[in-house]
There are 2 protein chains.
Amino acid sequence: MEQIKGYSYGDSALDKSPITLQDLDLLKKTLLWSKDDERYLNMAGKVLQDQTDQVLDLWYNYVGSNEHLLYYFTVDGKPDERYLAAVRERFKQWVLDLCNRPYDQAWLDYQYEIAKRHHATKKNKTDKVDSVPIIHFRYIVAFIYPITATIKDFLAKKGDSPQDVEGMHNAWFKAVTLTALLWCYPYVQQGEF
Amino acid sequence: MEQIKGYSYGDSALDKSPITLQDLDLLKKTLLWSKDDERYLNMAGKVLQDQTDQVLDLWYNYVGSNEHLLYYFTVDGKPDERYLAAVRERFKQWVLDLCNRPYDQAWLDYQYEIAKRHHATKKNKTDKVDSVPIIHFRYIVAFIYPITATIKDFLAKKGDSPQDVEGMHNAWFKAVTLTALLWCYPYVQQGEF
């Protein structure tokens, strides 16, 4: 597989997540997480494996048709195609990582890295672009909805039973909620996360 | 109807929301909000009207069986029943307000009030209790999942068609996501919301 630019999952140089594995366990409990969710996420990983381009087509079409979202990819008021393309490759990989990776320390550390890349801490640095300095907090959380709602049709495309599609979708919803909240860390005031 | 203690929806003494109606429009756009969602929320309001006690039974059972969540209602390490009961009445009303209220300035202002009541700004003040000082940010966002997943059975209880139940559930998911992110305002660093 071709190396994805800026994809540093598992890199030992990454900062350690401020969220511990114990914190993660309590978050999973809050999300009513079960072994079934892991099984369903792995199933979703197989179902989505060869559909990530179509998924990203849909998501990028959505972002592209919302000026207030496309804004976050602009340089001097114009969308930066190179920036959009680089993020797209990592976003595709994120879909698969969400489904296939164990949620361990390496996973936590990479969520922290992604968090900083949305926040002023590190936005634009990975792709060496001169875009706007931060993706505002509100859209990190708001994205839980479109990212969850739009995946269902893709999950249903491989002929799995309605129960399995529902199970995959439910696990995806939990996983996206968990990920989105972890990505908020740099935005939240000290001691309040 | 008996007055709900601390329920100050529409009170002109409330602080004005830092989120404008224009911000709200863009958030609704991000959530793919449509007139259908308003119709479905109103439908959900009718379906849930006489079920709010059962809904709260389920949610309180969930909180009560998770020590790390019940913690936020403790005084000196013990759950405060009076505090839990007071919040429960407002939580019931929130279910109906989410479905029935227009999302206008008064709605925004009351979301801001609720936000502060979760945050250290105002937690405990409404009910004059000496509980822990803040509900941590992570659980405000995490709650999007259980609050959305568990409502579906209640939405299905009045014999509406599967399409209508799905429509109500989808609109509920959007509304809960919107509400949860608005409740995060006091936690987020200046200028980053």
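**Entry 1: a bridge between the chains**

I looked up Arg138(A) and found that it forms a salt bridge with Asp23(B), where the closest N and O atoms are 3.5 Å apart. I note here that the model is predicted. I then turned to Arg138(B), and its side chain meets that of Asp23(A) in a salt bridge, at 3.5 Å from N to O. This pair crosses between chains, with Arg138(B) in helix H7 of chain B and Asp23(A) in helix H1 (residues 21-30) of chain A. The rule finds 2 salt bridges across the interface of chain B and chain A.

**Entry 2: the interface as a whole**

How many residues of chain B are in contact with chain A? I read off 39 residues of chain B, in contact with 39 residues of chain A. The area buried between the two chains is about 3600 Å², and carbon and sulfur atoms give 65% of that. On the chain B side, Thr30(B), Arg138(B) and Tyr145(B) lose the most area to chain A, together 21% of what that side buries.

I also looked up the polar contacts, and the count between chain B and chain A is 22 residue pairs. Which elements of chain B give two or more residues to the side that touches chain A? They are H1, helix H4 (67-70), helix H7 (137-142), helix H8 (144-149) and helix H10 (162-183). I sorted the residues of that side by kind: 23 are nonpolar, 11 polar and 5 charged.

A search of the whole structure gives 34 salt bridges over all chains. I followed some of those in chain A.

Lys174(A) forms a salt bridge with Asp37(A), with the closest N and O atoms 2.8 Å apart. The pair links distant parts of the chain, 137 residues apart: Lys174(A) is in helix H10 (residues 162-183) and Asp37(A) in helix H2 (residues 35-48) of chain A. Lys174(A) counts as buried because its relative accessibility is 4%, under the 20% cut-off. Asp37(A) is buried too, with a relative accessible area of 3%.

Next I took Arg101(A), which forms a salt bridge with Asp97(A) at 3.1 Å between the closest N and O atoms. Arg101(A) has 30% relative accessibility, so it counts as partly exposed. Asp97(A) is buried, at 7%.

I also found a network of salt bridges that links Asp15(A), Glu113(A), Lys116(A), Arg117(A) and Lys122(A).

**Entry 3: two residues of chain B**

I located Asn66(B) in the loop between helix H3 (52-64) and H4 of chain B. Is Asn66(B) buried or exposed? Its relative accessibility is 5%, so Asn66(B) counts as buried. The side chain of Asn66(B) reaches the backbone oxygen of Tyr62(B) at 3.0 Å.

Gln3(B) lies in the segment before helix H1 (21-30) of chain B. With a relative accessible area of 62%, Gln3(B) is exposed, since exposed means over 50%. I took one C-alpha separation from Gln3(B): Asn100(B), 97 residues apart from it along the chain, is 18 Å away.

**Entry 4: the record**

I checked UniProt for chain A, where an unreviewed entry lists residues 22-192 as "domain: Globin-sensor". In the model, the span is 65% helix and 2% strand. The end C-alpha atoms of residues 22-192 lie 17 Å apart.

Definitions and conventions
Residues numbered from 1 in each chain as written. Chains lettered and ligands numbered in written order. Predicted model: local features only at pLDDT ≥ 70, side-chain atom pairs only at ≥ 80, totals over all residues. Heavy atoms only, no water. UniProt positions renumbered as here; feature names shortened; annotations may be inferred. Helix = DSSP H or I, 4+ residues; strand = E, 2+ residues; numbered from the N terminus. Buried < 20%, exposed > 50% of the residue type's maximum accessible area, 1.4 Å probe, protein only. Contact = heavy atoms within 4.5 Å. Buried area = accessible area lost by both parts, 1.4 Å probe. Salt bridge = Lys/Arg side-chain N within 4 Å of Asp/Glu carboxyl O. Polar contact = N/O pair within 3.5 Å; in protein donor to acceptor, adjacent residues only side chain to side chain. Nonpolar A, V, L, I, M, F, W, Y, C, P; charged D, E, K, R; others polar.
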